[in-house]
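Hi there,

Here is the structure I promised to pass on. Have a look at it first, then read my notes below.

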Amino acid sequence: MIRFENVGMRYGTGPEILRDLTFTVEPGAFWFLTGASGAGKSSLLRLMYLAHAPSRGLINLFGRDIATTPRAELPGLRRQIGVVFQDFRLIPSLTALQNVALPLRIAGKAEAETRQHAGELLRWVGLGPFVDHFPPALSGGQQQRVAIARAVIGQPRLLLADEPTGNLDEEMGNRLMHLFLEMNKLGTSIVIATHNEGLVRRHGGRGLHLVEGELAEIRGGTP
Amino acid sequence: MSAGSVLGRDAASRTMPWIVAVMAFIAGLALALSLAVEGAAGRFAAGISGNMTIEIPHAELAGAAESRANAVVAAVARIPGVVSATIVPRAETAKLVEPWLGADLAGSGIAGTALPIPTLVDIRLDTGNPPADGAVAAAMAAISPDIRVDDHRIWLDQLLGWVTAVRLTAGAVLICAAIGIVLTIVLATRAALAIHRDVIEILHIIGAQDGYIARQFQFQALRMGFQGGVAGAALAALLVLIIGLAGLSMRSGLLPALNLGFREWMVVATLPLAAALIAVVVARVVVMRALARMM
């Protein structure tokens, strides 16, 4: 699914903030990405969802070497990845429904299917009455749920989430994790970056632990 | 559910139509005035190119001028390509100098003495089969070397030169306005790229092709270019209409009417489309180049 070999990453001409990362996330994995603030969790996720190129090393995603994949083919790979951002990153000029529907619309799905699917997902996350609300009119928790709905609507092969439960109450957090587990059972690989050690322990504790940009531990995975 | 505007409005998108409108106004004014001048000059030239004027110097002896004029008319009438030759009545000739000399002086002269106004013979030519070059001048030289033939060539050449200068100036103004629109769109699109950087990254991450992202900016540029183009062209058209009406009220008979025909108005009406097209193309180029630098 994902294979990193001696990967390093830097922003611009700055110092390397990720160094010598080598690991493999197998298909169907349910992993956590842990580490202190500034350890490089979000940057590692950026490499995984192809928002940033590595400064060195090899990244293989869905069997494709990213370095040699033509740029025009990267959007096709990105459509197989769902991302939940810590800061939601919703598009403020679009309603909740339009935000959720956007991945399907970009993928060229039929309008009726897109509308129905987006509406169902929003109702599932408890935002049925808010489909026509714009993100600035929603609370942090509501925006988080819209972001989650947007990430999963395309039924991605790989779901990456950065502190997905951080803005949710306990009940909604449990529902979200239940959704992730169900998606995982259906074959979606999940990688969740979190500070929440309790969450990690409750769900098997497999994954990566970063310390200052380096891989300190691989719990239950393939090195 | 509408697709919604992914980019939304920003400061650049609010300001740009006004700048495009100014450019389109300048372009529209230059274009409309150039077309109006060209049309007026064309009509004026068509009006005089089928004519010649023969100028017979004033003769002191009574009746001498009249007999020379008759001889001229008879000689000219024999030249193939001449449709008619008419002696211009003295009263009409006097009227031509009336604006400069006044009615009394031009008409009867001082103390009843007529001014030495030349006798004019107006010749109408067959424009499809005009006389051979120099035929009229040769016939007049045979009668008297001091008879002048005015085929308006100098005036027409000067008019043509002036129209060419106006067209070149208008073309230069149009090019400057187009460059202004291009630069405006470049700056506005770059500003929009910076403003919407997060949105662009999100679109990328969820799998949008560069073309999809560029189209969002193109739609925005199309709207702003067209809005600005319509406003500027409409204002230019209004001003040209006012100038035309003002010209009608002060026409002296020497100046042709400065107005536009249907074809010319249609050309001016294409300005908003041209502005929108420029905006779309420039926005696409700027965005695609910027996106190519992203992963």
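How many residues lie between S9(A) and S10(A) in their hairpin? There are 2, and Glu212(A) in the turn has a positive phi of about 50°. The strands are residues 207–211 and 214–219 of chain A, and they pair in the antiparallel sense over 5 bridges (pairing needs at least two DSSP bridges; strands are DSSP E runs of at least two residues and helices H or I runs of at least four, numbered from the N terminus). Val211(A) stands opposite Glu214(A) of S10(A).

Before you go on: this is a predicted model, where local features need pLDDT of at least 70 and side-chain atom pairs pLDDT 80 or more, while totals for chains, interfaces and linings use all residues. Residues count from 1 along each chain as written, chains are lettered from A and ligands numbered from 1 in written order, and side-chain values use heavy atoms, without hydrogens and water.

Next, two helices of chain A. The axes (lines fitted to C-alpha atoms over the stretch in contact, with angles from 0 to 180 degrees between N-to-C directions) of H3(A), residues 96–106, and H5(A), residues 140–152, come within 7 Å and cross at roughly 25°. That makes the two helices roughly parallel (angles under 35 degrees). Ala96(A), Asn99(A), Val100(A) and Pro103(A) of H3(A) make the contact with Val146(A), Ala149(A) and Arg150(A) of H5(A) (contact means heavy atoms within 4.5 Å).

Finally, Asn51(B) sits in strand S1 of chain B. Asn51(B) is buried, at 18% relative accessible area (buried is under 20%, exposed over 50%, partly exposed in between, with a 1.4 Å probe and protein chains only).

Cheers

Note on methods
Parallel < 35°, antiparallel > 145°, perpendicular 65-115°, else oblique.
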